[in-house]
There are 2 protein chains.
Amino acid sequence: MFEQITILGSGLLGASLAMSIHHAKIAQSITIWARRKETVDLCSSKTWCQHGEENLEKSVIGSNLVIICTPVETIGGIIRQIAPYLEKGTLVTDVGSVKKQICLDCEEAMKSSEGFFIGSHPMAGSEKSGMDFASKELVNGKSCIITPMKDAPVKYIHKLEEFWKALKMIVFQFSPAEHDRAAAYFSHLPHLLASCLSRHLDTQDRNWKKISGNGLKDTTRIAEGDPLLWQQIFHMNKKEILASIAGWEKSLLEIKELLKGENQDELYNYLKIGANFRKELDK
Amino acid sequence: MFEQITILGSGLLGASLAMSIHHAKIAQSITIWARRKETVDLCSSKTWCQHGEENLEKSVIGSNLVIICTPVETIGGIIRQIAPYLEKGTLVTDVGSVKKQICLDCEEAMKSSEGFFIGSHPMAGSEKSGMDFASKELVNGKSCIITPMKDAPVKYIHKLEEFWKALKMIVFQFSPAEHDRAAAYFSHLPHLLASCLSRHLDTQDRNWKKISGNGLKDTTRIAEGDPLLWQQIFHMNKKEILASIAGWEKSLLEIKELLKGENQDELYNYLKIGANFRKELDK
């Protein structure tokens, strides 16, 4: 499917993608770029990396597909740096959780390039970070959102879709702006609430932890996610996230009023709607 | 350890306890009371139930330990009904998630009884409810809070502790009032936030569900819990829960301000504190 794929960054997602690509046999050669020499050497020792590279520009030369797997705030700078070195027809994508700003930055940077950029967001995060937790199964069966700009040529869109499908991902298309709005509600808000709850309980009596069970563990699991990664995501999508909080606060106000009141049926109905919605997520 | 144990109610926790007691061989005979005849018959057919009983009063006669496993709002009424039928020295406990009101009701009801009541709260819920999901492993290794009133005789406290320990639970003691305060923060608030998020996302574009992953699933899992059970818990502990929401809202306000501002280090620190707290929960 590809002669050479370059993956920029070897964290949880970068390494997992290399493993999946290797397993699916869709590239003759996988090049991985990492900032630190020790990481490059470590990657080079793996079966899923044919070439480890410390030099960013060199790492993309000769590749048909470049996947940027670095923290969201670094993506704009990286693409500006690699754009002049891309071969004609090279497809570039990323795995960032925020899309609008990244897609605008990348479109601008790619104007002078022979390649083409389309954003991706594989929904396969974890509260764990780093290569140690990487797995060829991480993306298997998960959703991947691709966010082509309006003028994206169909051949690149298809190529990107086929790539993610080859890794057994379920591919959906959103505009970058709608992606960010939806992600604010369905991904960033849940993370923010989990972090906020953990942050708050940290101020309470430690002895009270005894009165907690799997409910608290599940509810706060994602709060363990890499704080730097999430600080950047929150910052880049803050407008949409603040809007999602404002919307959510209406539902909080509603349950507070129900708690204060005596209408038990309405409180039951509120919880029932929530329970039904949650059941839907498992379908 | 016990000649006869009676379990009132055969839902997830009642049936799981019967299985654990049977497995741990700490009762010569297990009696289960259920409201519906079909449920009584179903219980009677199980190896972990020697006697199914439809008559509440009859079900407690001759028992050394009675465990009330019915919804929290029914416990007061049940104990008033069974109190006159308890033998001398019978220990009665419950598994309710709220303790202050229940312990007060039960203390009052037991004044005319030969038995003694001490509240329990095994931290072993699940988003699933009903006998179908019961398991002898449900309580294994989990915490169990017992909430003796000030004047509780030591022999009953020890007996109750030994019972839960025999089921491999880790036992802690709290006063009923402190239990409810701590539960509001570490158990009821997480549930309320999960329900509130599910309730809110239910109003959003269904297509946006595509942009969600395990984070949303984990964060909202407990919202799938039995709405009737939780409506009663929320109602019985509403004072403490409203206080926990008010405290939590300060942390929400803090992160909203951090999002609006430009101090990325402070946003990072906020998330880092939350991540560290979450890591502690797995220790």
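**Reading the model**

Modeller: Start with one residue: B:Asn64 sits in the loop between H3 and S4 of chain B. Helices (H or I, at least four residues) and strands (E, at least two) are DSSP runs, numbered from the N terminus. This is a predicted model, where local features need pLDDT of at least 70, side-chain atom pairs count only at pLDDT 80 or more, and totals for chains, interfaces and linings use all residues. Residues are numbered from 1 along each chain as its sequence is written, while chains are lettered from A and ligands numbered from 1 in the order in which they are written.

Biologist: Is B:Asn64 buried, exposed or partly exposed?

Modeller: Count C-beta atoms, placed from the backbone: 20 or more others within 10 Å is buried, 12 or fewer is exposed, and in between is partly exposed. B:Asn64 has 19 such neighbours inside 10 Å, so it counts as partly exposed.

Biologist: Which residues is B:Asn64 in contact with, beyond its sequence neighbours?

Modeller: Contact means that two C-beta atoms, placed from the backbone, lie within 7 Å. Setting aside neighbours within four places in sequence, B:Asn64 touches B:Phe2, B:Glu3, B:Gln4, B:Thr90 and B:Leu91. Take B:Gln4: it is 60 residues from B:Asn64 along the chain, yet their C-alpha atoms are separated by 5.8 Å.

Biologist: Now a helix. How many residues does H6 of chain A have, and how far does it reach?

Modeller: The expected span is 1.5 Å times one less than the number of residues. H6(A), residues 154-166, has 13 residues and reaches 18 Å from first C-alpha to last, close to the 18 Å expected.

Biologist: Which residues of H6(A) are buried?

Modeller: First, the general idea. An α-helix has 3.6 residues a turn, so residues three or four places apart point the same way. In H6(A), the buried residues are A:Leu160, A:Phe163 and A:Trp164. Viewed down the helix axis, the buried residues of H6(A) fall within an arc of 90 degrees, so they line one face. That arc is taken from the directions from the helix axis to the C-beta atoms. On the other side, A:Val154, A:Lys155, A:His158, A:Glu162 and A:Lys165 are exposed.

Biologist: What covers the buried residues of H6(A)?

Modeller: The cover includes strands S4 (65-68), S5 (91-94), S7 (119-122), S8 (143-147) and S9 (170-173) of chain A. One residue of S7 is A:Pro122. A:Pro122 has 27 C-beta neighbours inside 10 Å, so it counts as buried. Beyond four places in sequence, its contacts are A:Leu13, A:Val95, A:Val139, A:Lys142, A:Cys144 and A:Met169.

Biologist: What follows H6(A)?

Modeller: Think about phi first. Most residues other than glycine have a negative phi. A:Lys168 follows H6(A), and its phi is positive, near 65 degrees. A:Lys168 lies in the loop between H6 and S9 of chain A. In chain B, B:Lys168 also has a positive phi of about 65 degrees although it is not a glycine.

Biologist: How do H4 and H5 of chain A cross?

Modeller: Under 35 degrees is roughly parallel, over 145 roughly antiparallel, 65 to 115 roughly perpendicular, and the rest oblique. The axes of H4(A), residues 72-82, and H5(A), residues 100-109, come within 9 Å and cross at roughly 5 degrees. That makes H4(A) roughly parallel to H5(A). The contact is made by A:Val72, A:Ile75, A:Gly76, A:Ile79 and A:Arg80 of H4(A) with A:Ile102, A:Asp105, A:Cys106 and A:Ala109 of H5(A).

Biologist: Which classes of residue make up that contact of H4(A) with H5(A)?

Modeller: Ala, Val, Leu, Ile, Met, Phe, Trp, Tyr, Cys and Pro count as nonpolar; Asp, Glu, Lys and Arg as charged; the others, Gly among them, as polar. The contact of H4(A) with H5(A) has 6 nonpolar, 1 polar and 2 charged residues.

Biologist: How many residues does each chain give to the contact between chains A and B?

Modeller: Chain A gives 74 residues and chain B gives 74 residues. On the side of chain A that touches chain B, H7(A) gives the most, with 18 residues. That side divides into 39 nonpolar, 21 polar and 14 charged residues.

Conventions:
Axes are lines fitted to C-alpha atoms, for helices over the stretch in contact, and angles run from 0 to 180 degrees between N-to-C directions.
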